[in-house]
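Please walk through this structure step by step, starting with one chain and then turning to how parts of it meet.

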Amino acid sequence: MVELKFYGIGGQGMVTAGKILSEAVSLYEGKYAITVPSYGAERRGAPVNTSIILDDEPVLVNSFVYNPDIVLVSDPSIIDKGVDVSEGIHEDSILVLNTEDEKVLDAYKKYDFKEIYYVDATRIALDNIGKGIPNGSMLGALAATGIVKIDSVESAIKITFGEKAGEKNARAAREAYEQTKKM
Amino acid sequence: MQEQQEKLTNKPRRCRVLGPVAYEYTAANTGSWRLERPDVDFSACIKCGTCEKYCPTNVITIKKDQKKCVEIDFNYCKGCGICANECPKKCIKMVPERSEG
Amino acid sequence: MAYKMLDGNGAAVEAIKMAKVQVISAYPITPQSTIAEQLSDLVATGELKAQYVRVESEHTALSVATAAELTGVRAATATASQGLALMHEVAGMTSGCRVPIVMPVVNRGLAAPWTLWADHGDAMSERDTGWLQFYCQNVQEVFDLTVMAYRIAEDENVLTPAMVCMDGFFLSHSMQKIDIPDQEAIDEFIGPFVTKNSYLDPEDPMFVCNLTGPDDFTEMRYQQKVGFDNSIKVIEKVQKEFAQKFGRKLQIIEGYRTDDADVVLVALGSMCGTAKYVVNKLREQGKKVGLAKVTVFRPFPFRQLREVLGGKEVIGVFDRSAGLGGQGGPLWSETCAAIKDYNSDIRHYVGGLGGRDVSVRTIEKIYNELLEIKNGTRKEHTEWIDVKENAMDIRQVLKNA
């Protein structure tokens with residue numbers, strides 16, 4: 001069982017990203033997944049999060065993730081908005097971060113993640129889809145951790161977004177996957 | 001309404017129905033509820049049609065070309081007295097139903 | 001058969017679509033909204049040949065669906081929380097007139113305090129309105145129970161409407177992989193809608209829901225009671241047929257590792273999945289715990305529950321509704337009544353209100369308390385299992401002196 005927590009800002013499509021990841025592993029890798037989005041009184045710009053649990057067997061737990069194995073942060077500014085992205089992490093927890101800025105990386109190093117995978121997913125999104133919505137490219141970065149195959153992510157993106165938008169978002173995911181660095 | 005009931009009771013098939021359902025309209029003739037009936041003094045009536053407008057059960061028809069111009073369907077008149085109350089000439093009186101009998 | 005990724009609302013829509021409803025009147029309310037939206041999309045695109053009636057409230061939504069079904073078509077609506085409360089008056093008309101509507105209820109707490117989140121208080125407030133009530137553990141069950149509900153509700157010996165209850169957000173918005181059978185298989189299973197009781201037909205008029213005096217009222221209520229009594233057998237039959245046809249077995253009461261359990265927890269809804277996970281976890285530690293999952297709450301399956309709880313010394317009952325002013329919540333009261341002659345120590349728990357997560361930790365805490373009670377090392381239990389310690393002081397205001 002792998003537990004993931006996605007943090008982002010309302011409007012970045014984090015709930016959708018969780019659903020696409022579930023779709024990718026469930027439909028293309030023969031595994032099981034559930035997403036439990038944490039809906040609040042949401043608005044664009046507010047910090048949001050969603051929980052995803054992956055397993056080889058049907059997932060019984062229907063609850064939020066408290067001890068994530070993988071934390072994905074699609075907007076680094078959320079740590080300035082009172083969100084503790086290291087809440088509940090353990091010694092093997094991994095961080096996937098949307099940035100290539102040295103200063104931001106330094107700020108995130110203080111959390112005790114075992115590994116940090118990082119890429120400028122917003123830039124890649126702008127290049128490929130013309131909008132700074134990084135959910136597709138962040139899933140590409142997540143694939144770089146090995147938790148899900150990039151091919152599965154691409155297929156899931158295509159069926160979620162439809163032919164045209166799916167193609168662009170899938171390209172963004174592939175590009176982010178190839179550019180993701182690890183430290 | 002009366003016609004429909006006749007058609008139905010003529011059907012031989014009967015089946016069980018659960019819950020509140022009425023199939024035979026025994027209380028359909030509301031004229032039977034009447035204790036008093038409206039009685040029009042046609043010598044004072046000006047054929048204005050006010051009684052027709054106010055009747056809550058729509059049983060009054062005004063026939064201007066006739067002497068007895070206010071026609072009331074006593075099959076359905078409940079005898080509520082609203083017509084008598086509203087008549088501007090006060091030419092409708094409510095008279096006991098039984099004395100007429 | 002094909003796997004699909006759907007959330008609970010999507011699964012309900014899929015089942016309603018496959019049941020080929022012909023009239024839909026639903027009023028959107030969080031967290032049910034996407035059911036109303038997706039159904040109207042299906043009608044707009046022509047994928048579902050039905051009439052979508054836009055209404056101004058849930059009161060009208062259920063009135064329209066009820067009257068529509070009386071004209072001889074399958075009708076659909078869905079709601080949540082305040083919407084269900086607004087339907088209350090009509091809910092009794094639907095059940096009393098024996099109109100077998102199937103309605104997804106996306107469980108959300110009732111105001112005040114205003115909430116949007118999961119809580120069984122809405123459906124529990126309707127438990128005596130004469131509707132069947134099924135509670136779902138996961139998204140697959142939302143689909144399966146909705147499909148089965150049509151067969152059960154429309155059975156001529158039952159003729160009772162059904163609520164298919166799913167926890168708001170935890171199921172309604174949770175994406176899960178589910179198995180959707182072919183349309184032909186569903187057609188064979190559910191069949192076309194057939195009018196089996198009163199109906200509205202201008203060619204053959206009858207007056208439905210007329211004033212009924214003391215002479216007949218008791219008898220009509222009794223007819224409904226007989227419908228509920230009959231429903232248990234029908235549910236068992238339908239579940240068996242469903243298992244044969246689709247390979248998934250659902251039970252009225254599912255005893256999960258209860259056979260040799262020292263303590264058993266009785267629960268409803270999505271928390272049952274988490275509870276099963278905790279049962280497995282504690283079993284690995286050598287603790288003999290089990291779960292009695294209540295899928296059918298109305299009719300309350302007391303015989304089936306008695307079987308599962310027979311011989312258990314300590315039993316916990318988890319209510320996801322406050323049951324204010326009662327000795328315990330609704331599930332607790334029913335459980336106590338079902339096993340009133342047993343010598344069991346029955347402990348009542350309240351939690352998960354207004355969307356509070358019923359986590360692995362919460363359920364572990366309950367099982368550990370129950371085990372301590374069984375061993376005699378604990379007397380009192382924590383009835384409000386997840387309430388904060390500062391409950392009485394969470395809001396303070398400044399007042400002029």
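Helices (at least four residues) and strands (at least two) are DSSP runs, numbered from the N terminus. The model shown here is predicted. Counted in this way, chain C has 12 helices and 15 strands.

Next comes the overall form of chain C. Its C-alpha atoms fill a box of roughly 70 × 65 × 50 Å along the principal axes. A compact globule of 401 residues would have a radius of gyration near 21 Å, and chain C has 21 Å, so the two agree. Of the 401 residues in chain C, 53% are buried. Among contacts in chain C with a separation of 6 or more, 78% join residues 24 or more positions apart.

Chain C also touches chain A. How many residues does each chain give to this contact? Chain A gives 18 residues and chain C gives 20. On the side of chain A, the elements that supply two or more residues are helix H1 (14–28) and strand E2 (32–38). The largest share of that side, six residues, comes from E2(A). By class, the side of chain A that touches chain C has 11 nonpolar, five polar and two charged residues.

Within chain A, two helices pack together. Two packed helices are described by the angle between their axes and the distance between the axes. For helix H4 (residues 135–143) and helix H6 (residues 163–179) of chain A, the angle is about 40° and the axes are 7 Å apart. The crossing of H4(A) and H6(A) is right-handed. Residues in this contact include Leu139(A) and Gly140(A) of H4(A), and Ala172(A) and Tyr177(A) of H6(A). The residues of the contact divide into seven nonpolar, four polar and two charged.

How values were computed
Residues are numbered from 1 along each chain as its sequence is written. Chains are lettered from A and ligands numbered from 1 in the order in which they are written. This is a predicted model: local features need pLDDT of at least 70, side-chain atom pairs count only at pLDDT 80 or more; totals for chains, interfaces and linings use all residues. The radius of gyration is taken over C-alpha atoms; the globule rule is 2.2 Å times the number of residues to the power 0.38. A residue is buried if 20 or more other C-beta atoms lie within 10 Å of its own, exposed if 12 or fewer, and partly exposed in between; C-beta atoms are placed from the backbone. Two residues are in contact if their C-beta atoms, placed from the backbone, lie within 7 Å. Ala, Val, Leu, Ile, Met, Phe, Trp, Tyr, Cys and Pro count as nonpolar, Asp, Glu, Lys and Arg as charged, and the others, Gly among them, as polar. Axes are lines fitted to C-alpha atoms, for helices over the stretch in contact, and angles run from 0 to 180 degrees between N-to-C directions. A crossing is left-handed if the near helix is turned anticlockwise from the far one by less than a right angle, and right-handed if clockwise.
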